[in-house]
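Please read them alongside the sequence and the coordinates.

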Amino acid sequence: MNNKTHTPKILIVDDDQSIIRALLMTLSRYGEIEAVNSGNKAIELLKGQSYDLILSDQEMVDGTGIDIFNYIRDHNLKTPLILITAFISEELLTLSIKSKLFTMIEKPFTNIQIINEVDVALIPFFKKDSISSN
Amino acid sequence: MFEKVTKSEIGWTLSTFLFITLAMLAKEFPLLHGTANFIPYILGKTLAIFFQVTGLIAGLLEINLFYAIFPYFFYFLTISYLMHGQVFQPNYWLGYMEFVMIYPFIFYMSRVRLGILMTLSFLAFNLVFYLSVDNFINKGSYSKEFYYDAVVGTAVCTYISFVASGVLMAEKIRRFNLYQRFIDLGKNMSSIAHDIKGMISGPTTYVDMLSELSRSSNHFTEKEIQLITYLNEDVYAVRDFVLEMNNLVSSQITNQETLISISAIVKSIKKVFKSKIRDINIVQIGDLSLFVKVDYINRILINAIVNSSEVLHKNRTQNAKITIYCEDNLLGVADNSGEKLDDKTLKIINGASSMFTNKQGGSGLGIMIIRDYVEMIGGKMKYSNQIHGVSMEIKFPRKILSPEINRTKTENLSPSKIQ
C-alpha cells in the first residue's frame with residue numbers, strides 16, 4: 001500500500017459519533033477519510049465529488065444507507081458501498097447478491113471485519129492506481 | 001366496521017355451505033319434480049346459490065366494498081331463500097338453524113347490528129311461516145304444537161347464534177390484543193438490540209486494535225492511551241444504557257406498586273430509546289407523582305413517545321417536538337407532526353366500543369395497548385386533533401396520586417396552548 005501514488009478517498013456516514021470515531025481509528029491507515037452524519041448529506045457530497053469507498057449506517061435521521069446506494073446506482077457511479085447495519089433483512093441480502101458494489105457488515109463489527117471488507121472493496125481502486133503508476 | 005376472517009375460515013365455510021345446499025336440493029328435488037313450480041323454483045334457488053357463493057368468494061378475495069355490504073345482503077337473501085318456495089315440514093326450524101348457526105363463523109359484526117339483524121329476520125321468518133301455513137305446510141301436518149315448536153326452535157337458535165358470535169368476537173379481540181402486545185414488545189426489543197449492537201461496535205474495534213498494538217511494544221504508546229480512553233467512554237455509555245434499561249424493566253419482575261414520577265420515566269425513555277427519538281426535542285411541563293405499577297406507566301409513555309417519534313420522522317417534521325404536560329391528575333402527550341386522525345378513528349379510540357380498526361397507522365399505532373394499560377390503572381384516555389398534531393390525555397384516578405409530593409401547578413394547560 002505504501003508504494004501507491006494515491007490514497008483512497010473514503011466517506012463514513014453514520015449519525016452515531018462513537019461509531020464514526022471507531023471507524024476513523026480503524027480506517028486512518030488508508031488515507032483520506034471524511035465523515036458525515038446523515039444519508040442526505042452524503043448524497044449532497046456525492047453530487048460534487050467522487051469517493052473510492054463509502055461506509056454507511058443503514059438507519060439514520062435524514063436519509064438511509066440504501067438511499068445513498070440508490071443514488072450511486074441511479075447515477076451509474078462506480079463507488080462501492082459497505083452498509084453497516086444491526087439487522088440484515090432479506091431485502092438487503094438480495095441487494096448484496098445482485099450488486100457487486102454493495103456489501104454489508106453486521107453490528108457489532110470487529111476491526112478485522114472492517115479491514116477485510118474495506119480491502120476487498122478497494123481492490124478496483126488499487127488495480128487502477130497500479131496501472132496508472134506503471 | 002367488519003374484521004375480515006381468515007381465508008381458511010372462509011374456505012371451510014364455503015365447503016360446508018355448498019355441502020348443505022346440495023343436500024337440501026337433493027332432499028327437495030323429488031318433492032317438486034313434475035309440478036308447475038319446478039322451473040321457477042330451480043331458477044330461484046340457483047340464483048340464490050349463485051349470489052351466496054359469489055359473496056363468499058368476494059370475501060375470500062377481500063373485495064372490500066362488496067365485503068362491507070355483503071353480510072346484510074347475505075343474511076336476508078338466505079332467510080328469504082329459506083322462506084321462499086319451501087315446503088315447511090315438522091321440525092323445519094332445523095333448516096333455519098343450519099344457516100343461522102353458521103353465520104357468526106362467516107361474518108363478524110358489532111353485537112348491536114347483529115342483534116337487530118337477527119331479531120328482524122327471526123320476526124320475518126316466523127311471520128311468513130305463520131301467513132304461509134295454508135300454502136306450504138303439508139296437509140295434515142299443521143298443529144299448534146308444530147307452530148310453537150318452530151317459534152321456540154328458531155328463537156333458541158337465534159339466541160345461541162348471537163351469543164356464539166359474541167364469544168367469537170371477544171376471542172378474536174383477545175387474540176388481536178395479544179398479537180399487538182407482541183408486536184409492541186418486539187418493536188421495542190428490536191430497537192434496544194439495535195442500539196446495543198451499535199454501542200458495542202466501538203469497544204470491540206478498540207479491543208482488537210489494542211490487542212494488535214500490544215504485541216509490538218512493551219509500553220503504552222500515545223495511540224494505545226487514546227484507544228483506552230475511547231474504550232473507557234464507550235463501555236461506560238453501555239453501562240449507563242443498561243442501567244436505564246434496568247430501571248424501565250425491573251418493575252416487570254417485581255410487579256409491585258411504587259411511587260414514581262413521570263419525569264424520571266421520561267428521562268429513562270430518552271436514554272434507552274435514543275435511536276428512536278434521535279433529534280426530537282422532548283419538553284416536559286410540570287410533573288406528576290403516582291403510586292402505581294411502574295410497568296404500566298412505562299408502557300404507556302414508551303408507546304406514546306415512540307409512536308409520536310415515528311410519525312415525526314415519517315413526516316420529516318422540522319423542529320420536531322414532543323410535549324409532555326402534567327397538571328393535577330392529568331398527563332398529556334402531544335406532538336407537532338401535523339398528523340390528524342379522522343373522526344371515525346377518533347370515535348373508535350375514544351368510545352367504549354371494543355371494535356378495533358385497521359386505521360391505526362401514524363399517531364394511532366399502539367393506541368389499543370395504551371388504552372389497555374390506562375384501563376388497568378383505572379384511568380381514562382382521550383385522543384384529540386390539535387392544530388399541530390394529535391394529542392393524548394390521560395386522567396388518572398385521584399387515589400393513585402401522591403399526596404406527599406407537590407405537583408407542579410400549571411395554569412390553563414391545553415394542548416393547543418403548549419404547542
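**Notes on the predicted model**

1. At 9% relative accessibility, Tyr373(B) counts as buried. Buried here means under 20% relative accessible area, exposed means over 50%, and partly exposed lies in between, with a 1.4 Å probe and protein chains only. This is a predicted model, in which local features need pLDDT of at least 70, side-chain atom pairs count only at pLDDT 80 or more, and totals for chains, interfaces and linings use all residues. Residues are numbered from 1 along each chain as its sequence is written, chains are lettered from A and ligands numbered from 1 in the order in which they are written, and side-chain values use heavy atoms, with hydrogens and water left out.

2. Tyr206(B) and Tyr230(B) form a tilted pair, because their ring centres are 5.7 Å apart and their planes stand at 45°. Tyr206(B) lies in helix H8 of chain B and Tyr230(B) in helix H9 of chain B, so this pair ties together parts 24 residues apart in sequence. Both Tyr206(B) and Tyr230(B) are buried.

3. Tyr373(B) has a ring partner, Tyr296(B). Their centres are 5.7 Å apart and their planes at 45°, so this pair is tilted. Tyr296(B) belongs to helix H12 of chain B and Tyr373(B) to helix H14 (residues 367–377) of chain B, so the pair ties together parts 77 residues apart in sequence. Tyr296(B) counts as buried, because its relative accessibility is 16%.

4. Next, the largest pocket. Its volume is about 1100 Å³. The search uses a 1 Å grid over the protein atoms alone: a pocket is an open set of points where a 1.4 Å probe fits, with protein on both sides within 12 Å along at least five of seven lines, and lining residues have an atom within 4 Å of a point. Grid points are joined across faces, edges and corners, and the volume is the space filled by probe spheres set on the points.

5. The largest pocket is lined by 41 residues. His194(B), Asp195(B), Ser275(B), Lys276(B) and Arg278(B) lie nearest its centre. Helices of chain A and chain B each supply at least two lining residues, among them H1 (17–27) of chain A and H12 (294–314) of chain B. H8(B) gives the most, with seven residues. The lining divides into ten nonpolar, twelve polar and 19 charged residues. Ala, Val, Leu, Ile, Met, Phe, Trp, Tyr, Cys and Pro count as nonpolar, Asp, Glu, Lys and Arg as charged, and the others, Gly among them, as polar.

6. Glu212(B) also sits in helix H8 of chain B. At 38% relative accessibility, Glu212(B) counts as partly exposed. Glu212(B) touches Arg29(A) and Asn111(A), leaving aside residues up to four places away in sequence. Contact means heavy atoms within 4.5 Å.

7. Chain A has six helices and five strands. Helices (H or I, at least four residues) and strands (E, at least two) are DSSP runs, numbered from the N terminus. Of the 134 residues of chain A, 49% count as buried.

Conventions: Phe/Tyr/Trp six-rings, centres within 6.5 Å; stacked < 30°, edge-to-face > 60°.
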